[in-house]
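Hello,

Here is the structure for you to look through. My notes follow below it.

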Amino acid sequence: MPPSSSRLRPRIRRRRAGLVTAGLAALSTFAAVTGVLPASYGAAAAVCGTANAAQGRPSSASSTENAGTPASAAFDGATGTRWSSAFSDPQWIQVDLGDSRQICRVALNWETARAQTFKIQVSADGSTWTDATATVTGAAGTQTLDLAATGRYVRMYGLTRATQYGYSLWEFGVNVVTDGGTLPGGGDLGPNVRVFDPSMSAASIQSTLDTIFRQQESNQFGSQRYALLFKPGTYSGLNAQIGFYTSISGLGQSPDNVTINGDITVDAGWFNGNATQNFWRSAENLAVVPVNGTDRWAVAQAAPFRRIHVRGGLNLAPNGYGWASGGYIADSKIDGTVGPYSQQQWFTRDSSIGGWTNGVWNMVFSGVVGAPAQSFPNPPYTTLAQSPVTREKPYLYVDQGGAYRVFVPSLRTNSSGASWANGATPGTSIPLTQFYVAKPSDGAATLNQALAQGLNLLFTPGVYHLSQMLNVTRPDTVVLGLGYATLIPDGGVVAMNVADVDGVKLAGLLFDAGTVNSPVLLRVGPDGATASHAGNPISIQDVFFRIGGAGPGSATTSLVVNSDNTIIDHIWAWRADHGAGVGWNTNPADTGLIVNGDNVTAYGLFVEHYKKYEVIWNGQGGRTIFFQNELPYDPPNQASWMNGSTRGYAAYKVADSVTTHEAWGMGSYCNFSTDPSVVAERGFEAPTRSTVKFHDLLTVSLGGVGTIAHVINNTGGAAQGTATVPVNVVSYP
């Protein structure tokens, strides 16, 4: 079914291991020399923290040797990149910590071209500097200096060089004073988590639901966030209408522990029956008995439907069957028939359904009991009997004693059906006391302290501004967001970095780019990561990325996955095509996802509108099951959107060096509304090898607004013309 004209407009609908420690005088003596010891420093509770306060922070230098050795390379947490200066004296490199901090230690990881002599200096404003050390002699390898100073800016001021080359640092670390207190685990969930129990009257619950929905129904780019949690039991007479940034969840250990005799509804009345902008909302871990036998869940991107038992049918279209552009179901049971109707594409994983009525362009099923048979492109069903490797999303619940816990489901291989279909979901239960319950008022330093203590993180609903990068370094750490908790990096930092360790689980987060360009919003594993995590992969679930829309934003890449065996299970990486701060040069973002790790498996990739390749896959053995993309709407003209001599960029690029890759159910659409004469040479680009396989591909020109000349490489005809008819390729090569 072709989209309406409203769908076609910009959605009115990215080495050295040696350790040499330089001895300094005791802090009290040193303070007398420098005069910069803060009065509170010697307080009994104060300790020198272990987190690197400089990692990912904005930096600059007096010079660089070349473009490949920028100042930022000394603060990126990667020991394979470095800053190096011009071959002259003096030279300096500095970092902005974001606010004034009590600095207790610096660590300089020198390359062979080190300083012979240097000083560490601090500044409140980046222009007037105070010596925090006397002149220090450089030492090969990692040189750690204890000091006591206060400043927002820290710099290494190189006086003389030890070689004929410049000054060169693999890494420049800064530790700051913490209060030494231990952060508590557990605690209340904050004002934007509303908890209901069966003893409450239906009228009272409905009133709360209605009040939140009125606020959130059309609040597409607001800052309000809500989680609606239902304790185990039965509720009757409710219609929970779910608006923007609202999550509804049951607090039972299994979905059938919470039953709503009523409806959980997403419709599109706020947008005149067009559901293509029903983003950022979710339902999870409960059973619903629809009033008229069929529940309505008319959503678009970033709106997961997980661990739901629908004791009836499910309608995925808005009232009146207006346009829709979703969506995602996992770990669910729908006893009746699922009717997608006007949904252009949909992905369902590890669930059971009573039937499926139709398909528009791209309906993909992986491990779904009752799924229609493989038949792409007529009907456009792509069906895999099993999902190769999965882990269901962690979720909050209450135990029999009424205490909050987080359940972490176990890894599954070659799975089908819901994880709870034959009894309780296998996995591990973690008490909330092992989580730091974060509030939007918490700064990045506090969150990093909690992680360094060994706590997991539970983000309560709200918007979190990060002045420094969050460092997840402990294996099996769980980072779980409620109610679309939103992380915004300030000053161009990387919002979150995950070490190359086993079993980290990231779920339920929205990364929103800040106004200063971040090189990446979420990085999983350092560059060059090689450890195998086959037995306990890192997982990324219901994690979403936004560049612009709520205001100007900029990030070169939204998600970089370096760690092998990572599971990506439902992301939407979106360079905004509507809202505030939107324009070719206003919300720049090159790429949504770069996969460098080997044997990475992705389910439900939604990546849209980036200015270059939407997805770049460099790792070996990768698998993608379902991909939905729209190319950027806004190239000003063809000359502005060229990849060398090639017209435009493919949506999904498998690197020429890749020898094994496989993908199923892939769609890319164009709507070059700024200049409809723009052409993308191809939707998909990959090396032509028998071991690099694609199944069920399509390209679409929405109303003929622009052209995609080929589906994959030079195979497949042109997607063009006002009929909005897909061009399909069943298999490649």
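At least two residues each of the lining of the largest cavity come from β12 (226–230), β14 (246–250), β16 (281–289), β26 (395–398), β34 (478–489), β36 (505–512) and β38 (539–547). Strands here are DSSP runs of E, at least two residues, numbered from the N terminus. β34 gives the largest share, five residues.

This is a predicted model: local features need pLDDT of at least 70, side-chain atom pairs count only at pLDDT 80 or more, and totals for chains, interfaces and linings use all residues. Residues are numbered from 1 along each chain as its sequence is written, and side-chain values use heavy atoms, without hydrogens and water.

The largest cavity has a volume of about 230 Å³. Of its 23 lining residues, Ser-249, Glu-284, Lys-393, Gly-481 and Leu-482 are the closest to its centre. A cavity is a set of points on a 1 Å grid over the protein atoms alone where a 1.4 Å probe fits but cannot get out; lining residues have an atom within 4 Å of a point. The volume is the space filled by probe spheres set on the points, which are joined across faces, edges and corners.

Now the core. The largest nonpolar core has 87 residues, and Phe-511 is among those that touch the most other members. Such a core is a set of buried Ala, Val, Leu, Ile, Met, Phe, Trp, Tyr and Cys residues joined through side-chain atoms within 4.5 Å. Buried means under 20% relative accessible area (1.4 Å probe, protein chains only). Another core, of 37 residues, lies apart from it and includes Trp-356.

Best wishes

Notes. 1 Å grid on protein atoms, 1.4 Å probe; cavity = no way out; pocket = protein on both sides within 12 Å on 5 of 7 lines; lining within 4 Å. Helix = DSSP H or I, 4+ residues; strand = E, 2+ residues; numbered from the N terminus. Buried < 20%, exposed > 50% of the residue type's maximum accessible area, 1.4 Å probe, protein only.
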